[in-house]
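Welcome, and thank you for opening the viewer.

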Amino acid sequence: MKKYLVFLVLVISLGVVLNSFLNSYIQAIFISFIVNAIMALSLNFITGLADQFSLGHAGLMAIGAYTSAVLNKEFFSDQWMLIPLGVLAGGLLAAVAGYLVSLPSFRLKGDYIAIVTLGLAEIVRVLLLNWKHVGGPRGYNAITKFPDFWYAYGFAIFLLFVTFMTMHRLKVSWFGRNLWAINEDDIAAEVMGLEIAKTKRYAFTISSFFAGIGGGFYSHHLGYISPGSFGFIISVQILIIAVLGGLGSLSGSIMAAAILTFLPELLRSVQAGSLDLRMIIYPILLILMMILRPQGLFGRKEIFEYVPKKIRAKLGMHR
Amino acid sequence: MQEFLQHTLNGLSIGSIYALLALGYTMVYGILGMINFAHSEIYMMGAFGAFYTARFLNLDTPSVLNFAIGLLGAVSFAAIVGFLVEKFAYKPLRKSPKMNVLITAIGVSILFQYGGQIIFGADPKSFPALIEDKNLFSLFDSPIHLTDLLIYFVSFASLGILSFIIFKTQTGRAMRAVSTRPDMTPLMGISNNKIISATFVIGSALAGVAAVLVSIKYPKIDPMMGVRIGMASFVAAVFGGIGSLHGAVVGGFLLGLGETYLIGYGASTYKDAFSFVILIIVLLYKPTGLFGQTRKEKI
């Protein structure tokens with residue numbers, strides 16, 4: 001219990017610092033960091049643990065974002081109390097979409113899921129572009145926003161906590177071990193009686209659910225979304241965060257999300273003209289990392305696994 | 001009838017371009033087992049290769065000779081880029097997990113897209129008129145353009161050269177051998193690395209041909225031009241059965257025709273999603289594609 005108490009105190013004090021000493025710009029960046037972290041966790045679950053390459057997380061995010069935004073604006077009449085309900089619905093719909101997509105993808109060995117998820121993102125984008133009611137290419141405006149910082153902050157931390165804990169528990173459970181077995185050697189796993197396609201399908205559905213949650217939250221955070229906010233480049237950005245943190249390391253994803261959200265903001269002042277230098281730095285980072293340190297910052301391990309055992313035992317962290 | 005014929009002719013010309021690009025995807029997949037996401041960017045580089053060749057040599061009058069020079073520029077530039085990409089990005093990862101190679105391929109693809117925007121500029125450039133577009137004759141009242149005929153001719157010639165290389169030469173035999181048993185080929189005195197390089201060079205050269213053919217028909221080129229056509233061609237390769245050369249060609253033509261009919265009879269805004277819908281249907285009902293074979297795995 002002690003560690004959760006420590007965590008809660010830390011979160012509240014960070015919230016106080018953010019709320020009273022820092023301006024709304026930094027607060028907004030902090031919230032985007034949490035969105036990025038949720039998305040990276042979601043991707044890491046399927047790509048890191050199950051070794052299935054998804055290139056369409058932006059599409060799942062878009063499903064969550066549009067579902068939540070439309071629900072809140074059209075049916076809940078802008079009640080900010082009901083935002084969590086919309087976000088949950090967004091997650092569920094994304095999970096349904098993810099499940100449907102996973103049906104054809106895991107029938108063959110190979111990287112078909114990469115291209116099918118890419119296709120999903122593209123199909124979602126095209127449908128949204130053609131859906132006049134939500135603004136088509138102009139985007140969807142005036143979405144219910146969070147009333148104040150504390151609501152947004154608390155809800156974001158809550159979502160991140162739930163996402164992380166769910167995934168971590170799954171990672172150390174029998175299900176996570178199944179995924180690991182498939183990751184290591186799928187033929188051996190099949191011989192041991194694992195239903196490979198089914199396990200991968202479940203993993204992808206869970207991952208999609210959290211991607212939808214992240215998207216739903218994102219729409220209320222910004223108050224404006226358009227099909228362009230969920231392009232291929234967003235999928236790539238999520239991928240880079242997950243890879244940098246280490247595929248399979250959930251806490252690594254959160255760490256990498258922090259680095260890759262705050263660093264570009266710091267570099268904003270040295271940016272050259274209208275060119276987005278990030279899009280040059282990201283791919284170079286990605287290629288160099290794959291050649292020099294393919295396991296990312298933390299590999300498969302969690303950050304706290306690097307803490308010596310004695311200290312961990314004192315803090316009550318057994319795993 | 002006239003409209004239908006027109007759509008068919010257009011579909012055949014876009015289909016032959018898909019076929020050329022799908023061959024590049026399928027060859028690399030067959031030999032390395034990876035999706036070469038950078039292939040669409042090599043295609044883009046081919047178009048810019050032809051553009052700069054024409055610019056530096058002042059090829060501003062349309063003629064067959066100038067077209068041939070532009071084509072040569074595109075093919076050699078694309079082949080060099082493909083060779084370098086393989087050498088510096090994929091070769092160091094020959095022994096690492098497939099996931100890492102895929103991530104690298106994505107990285108290379110984005111680097112070329114955005115690096116291209118810095119080097120060439122993000123705005124579309126108008127491709128020089130290497131060949132005059134005129135109506136040669138009419139077939140059932142639908143005009144036959146010179147560019148369309150040229151596209152058919154050049155792509156069929158390239159397909160012929162490719163099938164000669166693959167099925168009649170030593171290199172082609174070695175390529176087929178490496179794609180079947182890469183562990184055995186070194187024992188037969190074949191250098192796998194050289195053969196893989198050759199595969200990339202040939203696939204990239206085909207992408208260069210496709211780039212020039214597209215550019216003379218739609219003379220606007222920009223660094224992002226490869227994204228959509230690349231995805232569609234990849235789908236064509238999967239549709240035909242990835243790893244199968246004949247499949248890639250057939251898949252390319254079928255996809256090109258289908259897409260053109262869809263645009264021709266309304267629904268043009270859904271064009272971008274069409275190829276992926278096809279892909280999902282194919283994976284559902286015939287996951288190996290039209291000509292693909294399932295290989296039994298031996299342990």
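How many residues does the contact take from chain A, and how many from chain B? To find out, colour the two chains differently and look at where they meet. Chain A brings 31 residues to the contact, and chain B brings 31 residues as well. Keep in mind that this is a predicted model.

**Stop 1: the side of chain A that touches chain B**

Select α4 (83-105), α5 (112-130), α10 (232-245) and α12 (278-292) of chain A, the elements that each give two or more residues to this side. Highlight α5(A) on its own next: with 10 residues, α5(A) gives the most.

**Stop 2**

Is Ile287(A) buried or exposed? It has 22 other C-beta atoms within 10 Å, so Ile287(A) is buried. Show its partners in the other chain: Ile287(A) touches Ala89(B), Thr104(B), Gly107(B) and Val108(B), leaving out residues up to four places away in sequence.

**Stop 3: chain A as a whole**

Chain A has 13 helices and 0 strands. Its radius of gyration is 19 Å, close to the 20 Å that the globule rule gives for 319 residues, so chain A is as compact as a globular protein of that length. If you draw a box along the principal axes, the C-alpha atoms of chain A fill roughly 55 × 50 × 45 Å. Of the 319 residues in chain A, 45% are buried. Counting contacts in chain A between residues at least 6 apart in sequence, 81% join residues at least 24 apart.

The mean pLDDT of chain A is 84, and 94% of its residues reach 70 or more. Within chain A, confidence is highest in helix α9 (residues 196-222), at a mean of 91, and lowest in helix α13 (residues 309-315), at 72.

**Stop 4**

Zoom in on the loop between α2 (24-49) and α3 (57-75) of chain A, where you will find Asp51(A). Most residues other than glycine have a negative phi. Asp51(A), however, has a positive phi, near 60 degrees. Asp51(A) also counts as buried, because 20 C-beta neighbours lie inside 10 Å.

**Stop 5**

Bring chain B back and select helix α1 (residues 2-32) of chain B. It has 31 residues and reaches 45 Å from its first C-alpha to its last, close to the 45 Å expected at 1.5 Å a residue. Why is α1(B) described as largely enclosed by the rest of the structure? The reason is that 22 of its 31 residues are buried. Step just past the end of α1(B) to Gly33(B), which takes a positive phi of about 70 degrees.

**Stop 6: the largest nonpolar core**

Finish with the core. Which residues of the largest nonpolar core touch the most other members? Select Ala78(B), Ala210(B) and Val235(B): these are the ones, out of 187 residues in this core. Helix α7 (residues 192-217) of chain B supplies the largest share of the core, 15 residues.

Conventions
Residues are numbered from 1 along each chain as its sequence is written. Chains are lettered from A and ligands numbered from 1 in the order in which they are written. This is a predicted model: local features need pLDDT of at least 70, side-chain atom pairs count only at pLDDT 80 or more; totals for chains, interfaces and linings use all residues. Helices (H or I, at least four residues) and strands (E, at least two) are DSSP runs, numbered from the N terminus. The expected span of a helix is 1.5 Å times one less than its number of residues. A residue is buried if 20 or more other C-beta atoms lie within 10 Å of its own, exposed if 12 or fewer, and partly exposed in between; C-beta atoms are placed from the backbone. Two residues are in contact if their C-beta atoms, placed from the backbone, lie within 7 Å. The radius of gyration is taken over C-alpha atoms; the globule rule is 2.2 Å times the number of residues to the power 0.38. A nonpolar core is a set of buried Ala, Val, Leu, Ile, Met, Phe, Trp, Tyr and Cys residues joined through C-beta atoms within 7 Å. pLDDT is the predictor's confidence in each residue, from 0 to 100.
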